[in-house]
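Please open the model in a viewer and keep the sequence panel at hand.

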Amino acid sequence: MRSGLRLVHVWRVSALVSSTLIASLLVTLICLFERDGKRGYHVARWWMAFNLWASDVRVRVSGMEHLDPNRQYIFMSNHRSAADIVTIGWALWRFQIRFVAKRELLRVPVFGWGLRALKNIIIDRSNHVQAVRSYRIAGERIRRGISVVVFPEGTRGVGRELLPFKKGGFVLAIETGTPIAPIAVVGTAAVLPKKSLKIESGVVEVRIGQSIETQAVALKDKDRIVRAVRESIAGLLGNNLVEPRPYGLQRS
């Protein structure tokens, strides 16, 4: 039994690595010929779908009725696992989304090329001037039809308690007048624990809350928006954590 499980884990990691190499190279090539990486993002979508299928992970999505597919949003989510990226990307299939990512990820061979080619928002947290410039670029991309995913905790947390929220994403939302859509991702830490390469089968949930408008909000009032988003995500998380169980893909 243990040997079988090890083979499953090897298959899943192998599928992730090989598909990431192929997708990153394709995305990099496609994005050489376009401004915003929108065609390249179609490849990224299918990379997400393939890896969920290969890992026997089902994604249950609720709250899509709160979103207008013709609008751009800044999606703000809790963060517990590297699997959050694939899970959110699958849930928001109808949107062109880019992630706010730390600069260190650019150093990952090949994957870093795709990350940059897709015009994700790269933040150097040690350089305030560069971080401000990156958020300004994010604002330009929002105006060209792209939504942005921000993990306001800034890093992966552990357990149910939310870490303190960083303010950069909120400033971006207010300055661009973009609504914030709160998201709670539940169960990804069981599928892919922090600092682990063992990908488990399971069911994860993406719960989308009512969007919060920022168009008439002054920058000095950003703390009120921070509290509103934090309370919304905490409310979406609730006390019902999803236990991992087999398999498939589902949107509801």
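How many bridges join β2 to strand β6 (residues 180-186)? Select both strands: four bridges join them, and the two run parallel. Helices (H or I, at least four residues) and strands (E, at least two) are DSSP runs, numbered from the N terminus, and two strands pair if DSSP finds at least two bridges between them.

Before going further, note that this is a predicted model, in which local features need pLDDT of at least 70 and side-chain atom pairs count only at pLDDT 80 or more, while totals for chains, interfaces and linings use all residues. Residues are numbered from 1 along each chain as its sequence is written, and side-chain values use heavy atoms, with hydrogens and water left out.

Within β6, pick I180, the bridge partner of I74.

Now show the side chains of β2 (residues 74-77). I74 and M76 point one way, F75 and S77 point the other way, and all are buried; buried means under 20% relative accessible area, exposed over 50%, and partly exposed in between (1.4 Å probe, protein chains only). In a regular strand the side chains alternate between the two faces of the sheet.

**The nonpolar cores**

A nonpolar core is a set of buried Ala, Val, Leu, Ile, Met, Phe, Trp, Tyr and Cys residues joined through side-chain atoms within 4.5 Å. Select L67, F75, L92, F95, I97 and I208: of the 39 residues in the largest such core, these touch the most other members. The elements that give two or more residues to this core are α1, α2 (38-54), β1 (57-62), α3 (83-91), β3 (97-102), β6 and β7 (202-208). Of these, α2 gives the most, with six residues.

A second, separate core of 27 residues includes M76, I142, L172 and I212.

Centre the view on F95. Not counting residues up to four places away in sequence, F95 touches Y41, R45, M64, L67, D68, P69, R71, Y73, F75 and S147, where contact means heavy atoms within 4.5 Å.

**Along helix α1**

Move to helix α1 (residues 2-31), where W11 is found. At 43% relative accessibility, W11 counts as partly exposed.

Is H9 buried or exposed? H9 is buried because its relative accessible area is 10%. Leaving aside neighbours within four places in sequence, H9 is in contact with K198, I199 and E200.

**Two loops**

Select D56, in the loop between α2 and β1. Phi of D56 is near 55°, a positive value in a residue other than glycine. Most residues other than glycine have a negative phi.

Finish in the loop between α4 (111-117) and β4 (121-123), which holds N120. N120 is buried, at 9% relative accessibility, and touches R98, F99, L115 and R141, not counting residues up to four places away in sequence. K119 lies in the loop between α4 and β4, with a positive phi near 65°.
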